[in-house]
Amino acid sequence: MSNRRVVVVDDHDMFRAGVRSEIGASVDIVGEGSDVDTAVKAIVGTEPDVVLLDVHLPGGGGTEVMKQVHQRHPEIKFLALSVSDAAEDVIGVIRAGARGYVTKNISGAELVDAISRVADGDAVFSPRLAGFVLDAFSGAIDIASVDEDLDRLSQREREVLRLIARGYAYKEVARELYISVKTVETHVSSVLRKLQLSNRHELTRWATDRRLV
């Protein structure tokens, strides 16, 4: 069986290079994208078996990529690969048409297996994320109210919020998201202001109550 043809979409050059290094011997990486426009162009131009897609992308996010591609190529399959394992991100991309969702701490071997399964028509989720999808369909998570609060935050602020709420130090958040500590501090201040919270302890409680961590 020939290798699966894959396009990798992520706004971090270093992450795309890492994926290429990790799985490039097992799949054919036929294109890359760093934002909505370059992603759509690469996918439409190469018509891969599977697109590895980051949820948070400049220019409209991963859901916009899927929307534009599926208008022309409804058969192309998407596997979301993100640092975020928040409920509303998972459910948002599944609603938009992704066939699976795994987090970036997945091993190379697991990622190759996930790509193969998605290419064959299976749905693939990390175990914790599968629970979110079931909860959403059963009504246990009120997606609408979560969305309303989060709409006030930028995509980067959401990422910072989740990592801080998990107990990451500012320095660790900076390293995870490839930004400076000063930028992390600015984002945290903005999040606290927008959500009318006083400190990171309140922020953690707010995020935990909404199943964002």
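Colleague: What joins strand β3 to strand β4, and how do the two run?

Modeller: Four bridges join β3 (residues 50–53) to β4 (residues 77–82), and the strands run parallel. Pairing needs at least two DSSP bridges, so β3 and β4 pair. V50 stands opposite K77 in β4. This is a predicted model: local features need pLDDT of at least 70, side-chain atom pairs count only at pLDDT 80 or more, and totals for chains, interfaces and linings use all residues. Numbering starts from 1 along each chain as its sequence is written, and side-chain values use heavy atoms, leaving out hydrogens and water.

Colleague: What makes β2 and β6 edge strands?

Modeller: Each pairs on one side only: β2 (28–33) and β6 (124–125). The open sheet has six strands, in the order β2-β1-β3-β4-β5-β6, with parallel pairing. A strand is a DSSP run of E, at least two residues; a helix is a run of H or I, at least four.

Colleague: Which helix lies across β3 and β4, and at what angle to β4?

Modeller: Helix α3 (residues 61–72), at about 170 degrees to β4. Angles run from 0 to 180 degrees between N-to-C directions.

Colleague: Is the crossing of α2 and α3 left-handed or right-handed?

Modeller: Right-handed. The axes of α2 (residues 36–46) and α3 cross at roughly 35 degrees and come within 10 Å.

Colleague: Which residues of α2 meet α3?

Modeller: V36, A39, V40, I43 and V44. Their partners in α3 include V65 and V69. Contact means heavy atoms within 4.5 Å.

Terms used
Left-handed = near helix turned anticlockwise from the far one by under 90°.
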